[in-house]
Amino acid sequence: MPRTVKDPEERRRELLACAMRLFAEEGYDNVSVRAVARAAHVAPGLAYHYFDSKERMFAEAIEDYARRCAEGVCEVLGERGVPLGEKLERALETGARHGGYPYAEFFHAQGHGALHDRLSLAMCEVVRPHLREALEADAAERGVATRDADELAAIMVYGCVGLASSPGMPDDCALAAARRYLRALLAEFRSGKALS
């Protein structure tokens, strides 16, 4: 059988996607780097070339999955010509829709709280710079300087992730609370008091 040569980054992404699928289907303890290599139809040595241990593979698979889960939220935050308040509303709705996350059941299963928290934090790290940029763009459009957009982005993202990603979402009460607090934080940001 002829050997298939792929771009190294493409091969790495394929291995991560395969690893995440296996971890979600079979559980962390039942998956090895060799099992991922077998499922991805590559030699174990190639998988070990990218990931020197199962722990590293799992950590990178979570980070890759977090980036994929956060894509929709980041796209909303990056839209041009959309008021920031509307972006925040739509980003919250997008993040709360678990139907777009292929392994939502795995991360929300009983006993997987630590894994869910790890994924949520990884998603925060992906979304935070996009929200910071949206805040900075809003300030620039209003002709004001901002020194604390990164801090506000952190407060908004980390504050809402628990509400928007908890089991049983979308929960209308939690989403309403997140909207209310996001609006209050945005109003404070726009008042200029956040700059002192």
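**How the helices pack**

Modeller: Gladly! Helix α5 (residues 84–96) and helix α9 (residues 172–191) pack with their axes 10 Å apart, at an angle of about 150°. This is a predicted model, where local features need pLDDT of at least 70 and side-chain atom pairs count only at pLDDT 80 or more, while totals for chains, interfaces and linings use all residues. Residues are numbered from 1 along each chain as its sequence is written, and side-chain values use heavy atoms, leaving out hydrogens and water.

Colleague: Which residues of α5 and α9 make the contact?

Modeller: Contact means heavy atoms within 4.5 Å. From α5 come Leu84, Gly85, Leu88, Glu89, Leu92, Glu93 and Ala96, and from α9 come Leu175, Ala178, Arg179, Leu182, Arg183, Leu186 and Arg190. By class, the contact of α5 with α9 has eight nonpolar, one polar and five charged residues. Ala, Val, Leu, Ile, Met, Phe, Trp, Tyr, Cys and Pro count as nonpolar, Asp, Glu, Lys and Arg as charged, and the others, Gly among them, as polar.

Colleague: At what angle do α4 and α5 cross?

Modeller: Roughly 170°, and their axes come within 9 Å. That makes α4 roughly antiparallel to α5.

Colleague: How many helices and strands does the chain have?

Modeller: Nine helices and zero strands. Helices (H or I, at least four residues) and strands (E, at least two) are DSSP runs, numbered from the N terminus.

Colleague: Which residues touch the most other members of the largest nonpolar core?

Modeller: In soluble globular proteins, nonpolar side chains tend to be buried together. A nonpolar core is a set of buried Ala, Val, Leu, Ile, Met, Phe, Trp, Tyr and Cys residues joined through side-chain atoms within 4.5 Å; buried means under 20% relative accessible area, exposed over 50%, partly exposed in between (1.4 Å probe, protein chains only). This core has 31 residues, and Met20, Val36, Tyr65 and Phe107 touch the most other members. Its largest share, eight residues, comes from α1.

Notes. Axes are lines fitted to C-alpha atoms, for helices over the stretch in contact, and angles run from 0 to 180 degrees between N-to-C directions. Angles under 35 degrees count as roughly parallel, over 145 as roughly antiparallel, 65 to 115 as roughly perpendicular and the rest as oblique.
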